[in-house]
Amino acid sequence: MTNLFNLASMTFVSAKTLFLLSAIVGSTNTLAQRGSASLSLTDQKGVALTDAVVTFSAVAKHPTELQENKAVIDQINKEFEPQVSVVQAGTAISFPNNDNILHHVYSFSKTKSFDLPLYAGTPSEPVVFDTPGLVTLGCNIHDWMRAYVVVVDTPFYEISNHNGSVEISDIPYGEYVLEVWHPRQRQPFKDTVNIDEGYSLNLEIATKPQLRSRRHSSGKGSRYKP
Amino acid sequence: MTDIIRKHQPTNVKAGVILSLIYALSPHSCLAVEAFNELSVDVSYLDNVGLSSVENDKTKSSILEVNAARFYRKTLGVSESVNYGANLRTRSYSNYPCNQASVGIALGYRKKLGLGFDKPIFSATWSGTRHVYNVSARNRLDSEVSLSVSRPFGEHWDASISLSKRWEIPDRINQTVGLPDSLQDIASNALDKESIQVAIATEYYASSTWSFPASLSFSNGDITSGARYRPALSNDARAISNDVGMGNNWYIYRYEGSAWSASLNASRLLSDGSSLNFGISRVDARSDGNIRYDRNSLSISWIKNW
């Protein structure tokens, strides 16, 4: 009976040891095998594409921790700042009004619908963006004001800079869905890619023309017609 | 004592209402007030400044116009606001004796019908403008009320429709001295007129810098035409007066009739937020008795808003 107990005990210990070993090896492997992604984005005319949102979502889904749970979208000189944001699901965004007039921020997007009627200063409660997707923001007083929030469920995201460049580091090796979104894109870009030591891509995104803002009047006195 | 209070109560109430209104409209009363400024310089060319129906009497002239305005928008609620402000304008002609300066005020109410950038906006506006000419016989006061609805259609288009009523009230200066006896029954100030107008306007946003505004309007009511004396012109006229600025034997005729106006513009946004605007326009007017005239114009203007 004792032998039988010892045998069972040894088997249990061995299994535990193996599990621990594999965990250590796995963790070491994960730590060692992290790569980076570098993208260069242009439009169809070869002009650097600014404010494009690039995300890498692991094909084999695993739980991800919320890296940054707060963000800010200002209103300065009757414009949103920034006009494009990317946040992880669960992020609380505050909308301070830095103008000395009232703003009225709203969204009708299915991803997040909300309304912050006529306010000055900073609303007491930020708005939590808990569902992945695209949110379009507007101001009901100043109809030209527009901003976009891309809510993602991956920690691997970035917005292209004025050179159209995106650098994302510390991505575990593996298979990912690469998505690129831009406010003026003609079609969304989506592809499955393998991330290893140094993934890089030059990508052309077809865009619609930037239109003149309604902020800039074309007719004498038209601004003053109520 | 009670009588005194009763006697002064209505006055006090009125004063209170006026003070409340002034406070409500005061730009310093709260954050709900926004200020807008506009400066524009416009050079245009007209092929029939005096709106003459006779080819030989048409006067061509170029015009320099400078306009400055400051307006306020006070937000009353989620979708409501009032606008109020004033503008100053000078207009000088190269070949027409009607240089003028104007000062105007406007008050309007605006209501957005819903929440969102593409919702229709209803507005009601009153404006009053005092015009002073180098020929004082033309001095007048204009008053206009208008109702309009505007809205964007998609990313590229804006459109609006408006209905307005306009009164032009000249100073009480006798303009009929020396008119022939045969015209005495219609001798009165021809510049005293009123009309009603329906207008549609649209603007196409083509690129980051270019947009193309256009408008079409129809007005009905009093129309005026300037020309030398001809019996055929006076037969249909409802009023006739001397055109002092143009000289002897020149008259202003007022008819009942209608006019179509159309304009097409191209607007180029400049880097500092101002815009350069190129426009053509045409007016076709016809009296009920079939006196006709037209006027074409070309213009280029610089507009700065801030």
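Reply: Start with Gly35(A): its bridge partner in β14(A) is Ile171(A). Strands here are DSSP runs of E, at least two residues long, and helices are runs of H or I of at least four; both are numbered from the N terminus. Two strands pair if DSSP finds at least two bridges between them. β1(A) and β14(A) pair over six bridges, in the antiparallel sense. Strands of a sheet pair through backbone hydrogen bonds, either parallel or antiparallel.

This is a predicted model, in which local features need pLDDT of at least 70, side-chain atom pairs count only at pLDDT 80 or more, and totals for chains, interfaces and linings use all residues. Residues are numbered from 1 along each chain as its sequence is written, while chains are lettered from A and ligands numbered from 1 in the order in which they are written.

Now widen the view to the sheet. It is open, has three strands, and runs in the order β14-β1-β17 (chain A), with mixed pairing. β14 (165-172) and β17 (198-204) of chain A are the edges; each has a single partner strand, so one side of each lacks a neighbour in the sheet. From one strand to the next, the twist averages 15°. That angle is taken between N-to-C directions, on a scale from 0 to 180 degrees, with axes fitted as lines to C-alpha atoms.

Follow the chain on from β1(A). The loop between β1 (34-42) and β2 of chain A holds Asp51(A). Asp51(A) is not a glycine, yet its phi is positive, about 65°. Most residues other than glycine have a negative phi, and most peptide bonds are trans. Asp51(A) is partly exposed, because 19 other C-beta atoms lie within 10 Å. The cut-offs are 20 or more such atoms for buried, 12 or fewer for exposed, and partly exposed in between, with C-beta atoms placed from the backbone.

Next comes β2(A) itself. Strand β2 (residues 53-58) of chain A runs antiparallel to strand β13 (residues 156-159) of chain A, joined by four bridges. In that pairing, Val54(A) stands opposite Glu158(A). β2(A) also runs antiparallel to strand β15 (residues 174-181) of chain A, over six bridges. There, Thr55(A) faces Glu179(A) as its opposite residue in β15(A). In a regular strand the side chains alternate between the two faces of the sheet.

Two more spots deserve a look. Leu118(A) also has a positive phi, about 25°, without being a glycine. Leu118(A) sits in strand β9 (residues 114-119) of chain A. With 18 C-beta neighbours inside 10 Å, Leu118(A) is partly exposed. Then there is the cis peptide bond between Glu81(A) and Pro82(A), with omega about 0°. Pro82(A) belongs to the loop between β5 (79-81) and β6 (84-88) of chain A.

Step back to the whole chain. Chain A has one helix and 17 strands. Of its 226 residues, 27% are buried. Two residues are in contact if their C-beta atoms, placed from the backbone, lie within 7 Å. In chain A, 61% of the contacts with a separation of 6 or more link residues 24 or more positions apart.

Chain A also touches chain B. The contact takes 27 residues from chain A and 43 residues from chain B. The model scores ipTM 0.80 and pTM 0.82.
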